Amino acid sequence: MSAAPQPLLSVERLTMRFGGLMAIDDLSLDVAARQITGVIGPNGAGKTTFFNCLTGFYKPTLGSVRLNHPQRGPMRLEELASHQVARTARVVRTFQNIRLFPKMTVLENLIVAQHNALQHASRFSLAGLFGLPGYRRAETAATEKAVGWLQRLNLIDKADTAAGELPYGMQRRIEIARALCVDPLLLCLDEPAAGLNPRESAELNELLKHLARDEGIAILLIEHDMSVVMNVSDHICVLNYGRKIAEGTPAAIQRDPNVIKAYLGEEDADEELHPEAVQ
Amino acid sequence: MALALQQLINGLTLGAVYGLIAIGYTMVYGIIGMINFAHGDIYMVSAFIAVTVFTLLATFGISSIPLSLLLVLLVAVLFTSVYGWTVERTAYRPLRGSTRLAPLISAIGMSIFLQNMVQLTQGARVKPIAPVLVGGIDLLTVDGFTVRLAYSQILIVLVTIALMAGFTWLITRTSFGRQQRSCEQDRTMTALLGINVDRTISLTFMLGAALAAVAGVMVTVYYGVVDFFIGFVAGIKAFTAAVLGGIGSLPGAMLGGLLIGLIEAFWAAYLSAEYKDVATFSILILVLMFRPSGLLGRPEVEKV
């Protein structure tokens, strides 16, 4: 391993303006491979807007988002169409309000995410339908990968249930499993712990650490639950009114005067930042 | 009794054709939430392609019925799919993301355009072809009335059953089908998983057009005449079928097609042949008033 590896994602002077509102103001941030980078900040700080800029929802007003793809070299995310962000750059996200395909089974949800591999195996989507061996193999491989993740996330007995019928905590996990089926280099999770009970949230912590350490997936994590962020993040970036006000290790962030000031306006600021104090 | 049986056969034949066209309406509605009013005219275009190819084949002296049918189907499906793709590309895609009404108006414009294009290039008069598939089976005779099952009717019903089975398989079992369904449920999320949503929509239009093309060929074989206006009435009837079955639902479109065909055939036989269209349109109004989600559709919950 080299001493100072190139960051996986370099955000440079990213600015997103909606009319007179500066949703993101001159944000620069590096995301390292195999690490969990937490993005925190009070409501309206621009965290979700940041994700939207990464995944082709918004075209940033200024600045760039460069991904250093290990195989394909550097690419500019803000220039890619929505579907190319996942296909070419292998950056996937989940949503604060879960967006599964409710009428499809859990397994189908996970196989849809592997569509590109299947498309490739069939050369063209209609040509592969007639049982070409290559396509069959790809289909089996896709099912196996989906089943693998379902087993890892304890969802295998729900594989054939319509995703929309399952409880909330489970849907959160399915959404993560589906994102994993894209084989992401970078996984952007928007409040994955929202609505989870303490046990589920502890499981989520373990899962995220495992994904970063063992699977080598870089994770960008927006989360309000400080017990999750402080526990799993290697690096934290704090936003307030679209500006980065602090960046560093969890320990450094908890002591940072700017961060404490930004959070003071909210109730229970101390508890939020120091989960161990409450427990 | 004999008349009822005959009308049952006629109604099923007609219903099969409506069902094939209705699938195009329902799929497009499912994926982009618009009614493609030009779909009936796509069907009309395919009937004209069928007439042209049948005439050409006759000139070349190809007289084998299965061979000429196969060739006509192939050419019609190919060209009509291209029409479907072009219509989506030129009239609807540029309007994606604008108001809901814009593509609808564009669709009506496209419908008028296609009708006039065919009228100008092919003439306004009814175009006949030499009978392709004649004869049939006499099932029974009661009081001098013979119930007859024409070969063309058998062909239409068999082709429709095969297509619908294949189509159901395509949607439920294949990668394209999953893609199509995921686009239907959440287009944004589908794109974020790396699927090219625009291409999926294009393919959906092409598939709908291909089914309409088969319907167009079948009707040409069945009636032996076409004109530039057949798309309008057939289109609205198939649209009614899709609404009756529950717009957005594929089995609904098939069921709705069959029901509309049967209702029309029995209405024509027992009530009034002149006013048979009234039956269909009354159904459209009644369904929209009392059960807008249709027979097999689920009530739509407005997303916010």
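This is a predicted model: local features need pLDDT of at least 70, side-chain atom pairs count only at pLDDT 80 or more; totals for chains, interfaces and linings use all residues.
Biologist: Why is α9(B) described as largely enclosed?

Modeller: Count buried residues; here a residue is buried if 20 or more other C-beta atoms lie within 10 Å of its own C-beta. In α9(B), 13 of the 16 residues are buried, so the rest of the structure largely encloses the helix.

Biologist: Now the whole of chain B. How does its radius of gyration compare with that of a compact globule?

Modeller: A compact globule of 304 residues would have a radius of gyration near 19 Å. Chain B has 19 Å, so the two agree. Its C-alpha atoms fill a box of roughly 65 × 50 × 35 Å along the principal axes. The chain has 11 helices and 4 strands. Buried residues make up 49% of it. Of its contacts with a separation of 6 or more, 76% join residues 24 or more positions apart.

Biologist: On to strands. Which way do the residues of β8(A) point?

Modeller: In a regular strand, side chains alternate between the two faces of the sheet. In β8(A), Ala218(A), Leu220(A) and Ile222(A) point one way. Ile219(A) and Leu221(A) point the other way. All 5 of the 5 residues are buried, so β8(A) is largely enclosed by the rest of the structure.

Biologist: Which strands pair with β8(A), and in which sense?

Modeller: β3(A), residues 36–40, pairs with β8(A) in the parallel sense over 4 bridges. There, Thr37(A) has Leu220(A) as its bridge partner. β7(A), residues 186–190, also pairs with β8(A) in the parallel sense, over 5 bridges. Leu187(A) has Ile219(A) as its partner. With helix α7 of chain A, residues 198–213, β7(A) and β8(A) make a right-handed β-α-β unit.

Biologist: Last, the contact between the chains. How many residues does each chain give?

Modeller: The size of an interface is often given as the accessible area lost when the parts come together. Here we count residues: 19 from chain B and 25 from chain A. On the chain B side, α6, α7 and α8 each give two or more. α6(B) gives the most, with 7 residues. The chain B side divides into 9 nonpolar, 7 polar and 3 charged residues.

Terms used:
Residues are numbered from 1 along each chain as its sequence is written. Chains are lettered from A and ligands numbered from 1 in the order in which they are written. Two residues are in contact if their C-beta atoms, placed from the backbone, lie within 7 Å. Ala, Val, Leu, Ile, Met, Phe, Trp, Tyr, Cys and Pro count as nonpolar, Asp, Glu, Lys and Arg as charged, and the others, Gly among them, as polar. The radius of gyration is taken over C-alpha atoms; the globule rule is 2.2 Å times the number of residues to the power 0.38. A residue is buried if 20 or more other C-beta atoms lie within 10 Å of its own, exposed if 12 or fewer, and partly exposed in between; C-beta atoms are placed from the backbone. Two strands pair if DSSP finds at least two bridges between them. A crossover is right-handed if, with the strands pointing away from the viewer, the path from the first strand over the helix to the second runs clockwise.
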